[in-house]
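I opened this notebook to record what I looked up about pockets, surface and charged pairs. The entries follow in the order I made them.

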Amino acid sequence: MTRFSYHVSHEQFAPSALLRFVQQAEAAGFDAAFSSDHLQPWGPQQGHSGFSWAWLGAALQATRRLQFSTITVPGGWRYSPVLLAQAAATLAELHPGRLPWIALGSGEAVNEAVVGPWPDKAERNRRLERGARAMRALLAGERVHQAGPPTVSHARLWVRPPAPLALVGAATSEATARWLGGWADGLLTLAPDVESLRALVTAFREGGGEDKPVHFKFDLSWAPSEDEAERQAHAQWRFNAVDRVSAAEWHQPEDFDAATRGMPVADIRRHVFVSADLRAHADRLRELMALGPASIDLHQVGLSQAAFIEAFGREVLPALRRP
């Protein structure tokens, strides 16, 4: 059965507001919550960017049953893989079973380049795999020593998770998904349209991920009217509606704003599923469920989070769970 998570968008809301939203999501019947991990927002108008690892500790304590996960970068810029392994192990020990997996990516300059030179994609992928390898060994209780970057020198964890913690790889291209199939514990990818998503999943399976779970992030905009749903999507999420190469290379939120300022409002529909009809959202989610994901993360990109949680908890999630 596919699990549904509420997307915790640190770029768009203050940490205190997000804490209230996950409590509401738990009461509304969501299964989990998935957190972004940014130093800066995509665009200056979004206006927030709390520290996700501190927030996760508060959120796990403030809820009772929700599982949590996040996406982070172990390549040695903001975080050493040693620090990430220690943070994840600590949360898992405090809340057994509620941090079953985290996603690892190669990162974006807007978050990581503030602490060092920003290499090309091939080097970022090498650092991703080396960082993931170090984290996996540390979480298993091994003493780790590897040349960098990222460098790990005779490190080990003294607090370990009570159960294995899956390290899922993040991909937005078929080439990266195929590569991840050989070493990651699962796949996290975006769901802009069903056929693109099917191709990404197929590439992951062909690369070695045949029996590994896949997780989808579904960007959506729901509002009482179609015009409002479209307007909110454009105002809040056009910054992320750029090609992934550019998104990884631009260094400041203002870069994303300048590149997308002239985007026609209607063009946002190529990147976000926009509809005022809850049944249309349920229908699209059923199409995604047919691809067999372990979870789908529902990211309401507009600002009306409380109304979204209430409406989807009341109508959409029960409809999707019916046989």
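Does Glu230 count as buried or exposed? I looked it up: Glu230 counts as buried, because its relative accessibility is 16% and the cut-off for buried is under 20%. I keep in mind that this is a predicted model.

**Entry: the partner of Glu230**

I followed the side chain of Glu230 next. It meets the side chain of Arg269 in a salt bridge, at 2.8 Å from N to O. Arg269 is partly exposed, because its relative accessible area of 37% falls between the 20% and 50% limits.

**Entry: other salt bridges**

How many salt bridges does the count come to? I noted 21 salt bridges. I looked at a few of them.

Arg270 pairs with Asp267, and their closest N and O atoms are 4.0 Å apart. That value sits at the cut-off, because a salt bridge needs the nitrogen within 4 Å of the carboxyl oxygen. Arg270 is exposed, at 55% relative accessible area. Asp267 is partly exposed, at 26%.

Asp277 and Arg279 also meet through their side chains, at 3.5 Å from N to O. I have Asp277 as partly exposed, with 32% relative accessibility. Arg279 is exposed, with a relative accessible area of 65%.

I also found a network: salt bridges link Asp37, Arg78 and Glu112.

**Entry: the largest pocket**

Which residues lie nearest the centre of the largest pocket? I listed Ile71, Glu108, Ala170, Thr172 and Arg244. The lining as a whole has 39 residues, and the pocket holds about 810 Å³ of space.

I then sorted the lining by element. Strand E3 (67-72), strand E8 (187-190) and strand E9 (214-221) each supply at least two residues. So much for strands. Helix H4 (109-112), helix H5 (121-139) and helix H9 (244-249) likewise each supply at least two. H9 gives the most, with five residues.

By class, I have 14 nonpolar, 14 polar and eleven charged residues in this lining.

**Entry: the second largest pocket**

I moved on to the second largest pocket, with about 430 Å³ of space. It is lined by 23 residues. Closest to its centre are Leu190, Pro192, Arg244, Arg270 and His271. Arg244 is listed among the residues nearest the centre of the largest pocket. Arg270 is the salt-bridge partner of Asp267.

Which element gives the most to this lining? I found E9, with three residues. E8, helix H7 (194-209) and E9 each supply at least two. The lining divides into ten nonpolar, five polar and eight charged residues.

**Entry: a nonpolar patch**

Last, I looked at the surface. Leu39, Val114 and Val115 form a nonpolar patch there. Together they have about 240 Å² of accessible area. I located Leu39 in the loop between strand E2 (32-35) and helix H2 (52-62).

Conventions:
Residues numbered from 1 in each chain as written. Predicted model: local features only at pLDDT ≥ 70, side-chain atom pairs only at ≥ 80, totals over all residues. Heavy atoms only, no water. 1 Å grid on protein atoms, 1.4 Å probe; cavity = no way out; pocket = protein on both sides within 12 Å on 5 of 7 lines; lining within 4 Å. Points joined across faces, edges and corners; volume = space filled by probe spheres on them. Helix = DSSP H or I, 4+ residues; strand = E, 2+ residues; numbered from the N terminus. Nonpolar A, V, L, I, M, F, W, Y, C, P; charged D, E, K, R; others polar. Patch = residues over 30% accessible without salt bridge, like charges linked within 9 Å, V, L, I, M, F, W, Y side chains within 5 Å. Areas by Shrake-Rupley, 256 points an atom, 1.4 Å probe, with all protein chains shown as cover. Buried < 20%, exposed > 50% of the residue type's maximum accessible area, 1.4 Å probe, protein only.
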